[in-house]
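Here is a friendly briefing to read with the model open beside you.

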Amino acid sequence: MDLDQTFIQAPEHRADSNFIPNQPEEIPVIDLSRLNDPENIQNVISEIGDACETWGFFQVINHGVPCDARKRVEETVKIFFDLPMEEKIKVKRDEVNPAGYHDGEHTKNVRDWKEVFDIYFKDPMVMPSSTDPEDEGLRVVYNKWPQFPSDFREACQEYAGHAEKLAFRLLELISLSLGLPKKRFHEYFKEQMSFFRINRYPPCPRPDLALGVGHHKDADVISLLAQDEVGGLQISRRSDGVWFPIRPVPNALVINIGNCMEVWTNDKYWSAEHRVVVNSTRERYSIPFFLLPSHDVEVKPLEELLSPENPPRYKGYKYGKFYVSRNRSDFKKLEIQNIQIDDFKVVT
């Protein structure tokens with residue numbers, strides 16, 4: 001079978017490029033139940049800090065998100081994705097409202113081999129109405145919910161509630177790992193734009209040419225990913241850019257640092273590039289929760305972490321505007337490269 005041209009990655013971005021298949025590299029797996037032991041708290045905080053700096057990724061176990069809630073979402077969304085296309089497009093996202101079903105997502109202007117369903121944590125949610133920096137207009141977006149399966153909404157909201165709680169717990173631990181007060185970042189989330197997504201990666205006839213998600217960095221603060229046992233997530237090593245796989249660990253969540261945290265820490269913590277490879281026989285599901293700040297937050301390096309030896313490496317940017325322009329380019333192919341965090345780098 002020939003693959004539609006829109007899915008084909010440039011040779012340097014395909015699954016076999018710069019990839020070591022038997023790479024023994026492992027990101028840390030951190031057991032959060034150790035936080036119940038006062039003597040272990042500092043160790044856990046240090047391990048999280050080291051992981052954020054070295055890899056930008058780690059996995060957590062005994063994290064408090066109930067297995068049942070996760071299982072329920074996985075079962076319910078599978079029923080939805082198995083529906084005929086005419087049912088799924090009743091809740092299809094459009095260019096104005098990013099919530100709902102979509103099967104034409106683009107990463108770096110190449111189409112991804114996947115279907116997604118996006119759900120905002122706050123419903124309704126407020127975001128800028130345009131990408132124009134002068135335009136202060138806002139719009140309200142609402143989630144879209146399928147009529148069937150009937151418990152889709154309830155299952156998703158229950159899981160999102162648990163994921164958000166864990167996201168803030170991790171945010172506090174990351175803050176402490178930087179030597180900052182526990183709640184240092186909380187003020188940035190009054191009108192959080194967080195959302196969670198269900199990804200379905202169908203079997204692909206040419207996994208050597210297409211990717212489930214092309215190489216990218218997350219534009220959020222932190223992401224929490226539930227992945228199934230199929231595997232396919234790969235990350236790029238900070239030290240040399242080589243790709244290696246993230247091994248699925250039963251009931252673990254994969255945590256990664258997004259652009260906001262990278263900017264707030266002035267590059268101390270690393271937002272790693274990652275991608276998803278597909279295979280020709282098995283479908284794969286994953287459920288990421290993306291913690292995003294309020295639209296009016298100006299993201300810039302934190303004063304407390306700067307010094308004459310460590311001057312700011314980024315200019316500030318308004319989060320909502322960044323999100324909206326990034327979101328438009330994910331929706332369809334543009335003729336230009338989409339906005340990236342490096343566009344705000346200070347030239348030294």
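Predicted model: local features only at pLDDT ≥ 70, side-chain atom pairs only at ≥ 80, totals over all residues.

**Helix H1**

- The buried residues of H1 are Val44, Ile45, Ile48, Gly49, Ala51 and Cys52. They lie on the same side of H1, because the arc they cover around the axis is only 165 degrees.
- How far apart are the end C-alpha atoms of H1? They are 20 Å apart, which agrees with the 20 Å that the 14 residues of H1 (residues 41-54) should span at 1.5 Å a residue.
- After H1 comes Gly56, which has a positive phi, near 80 degrees.

**The sheet of 8 strands**

- This open sheet has mixed pairing, and its strand order is S1-S2-S14-S11-S16-S9-S6-S3. Its edges are S1 and strand S3 (100-102); each has a single partner strand, so one side of each has no neighbour in the sheet.
- On average, neighbouring strands here are turned by 25 degrees against each other, with direction ignored.
- S3 and strand S6 (residues 115-120) run antiparallel and are joined by 3 bridges.

- As a reminder for both sheets, strands pair through backbone hydrogen bonds, either parallel or antiparallel.
- Here the pairing is antiparallel, in an open sheet with the order S10-S15-S12-S13. Strand S10 (213-216) and strand S13 (243-245) are the edge strands, each pairing on one side only.
- From one strand to the next, the twist averages 20 degrees.
- Which strand does S12 (residues 233-236) pair with over 3 bridges? The partner is S13, in the antiparallel sense. Within this pairing, Ile235 has Phe244 in S13 as its bridge partner.

**Cysteines**

- How many disulfides does the structure hold? The count is 0.
- Cys52 is in no disulfide, and the nearest cysteine sulfur, that of Cys260, is 14 Å away. Cys52 has 0% relative accessibility, so it counts as buried; it is also one of the buried residues of H1.
- Cys67 is in no disulfide either, with the nearest cysteine sulfur, that of Cys156, 17 Å away. Buried or partly exposed: how does Cys67 count? Its relative accessibility is 40%, so Cys67 counts as partly exposed.

**A proline in a loop**

- Pro250 is in the loop between S13 and S14.
- Pro250 counts as exposed because its relative accessibility is 70%.
- Along the chain, Pro250 and Ile61 are 189 residues apart, while their C-alpha atoms are separated by 8.7 Å.

Conventions:
Residues numbered from 1 in each chain as written. Heavy atoms only, no water. Pairing = 2+ DSSP bridges. Helix = DSSP H or I, 4+ residues; strand = E, 2+ residues; numbered from the N terminus. Axes fitted to C-alpha atoms, helices over the stretch in contact; angles between N-to-C directions. Expected span 1.5 Å × (residues − 1). Buried < 20%, exposed > 50% of the residue type's maximum accessible area, 1.4 Å probe, protein only. Arc of directions from axis to C-beta. Disulfide = S-S within 2.5 Å.
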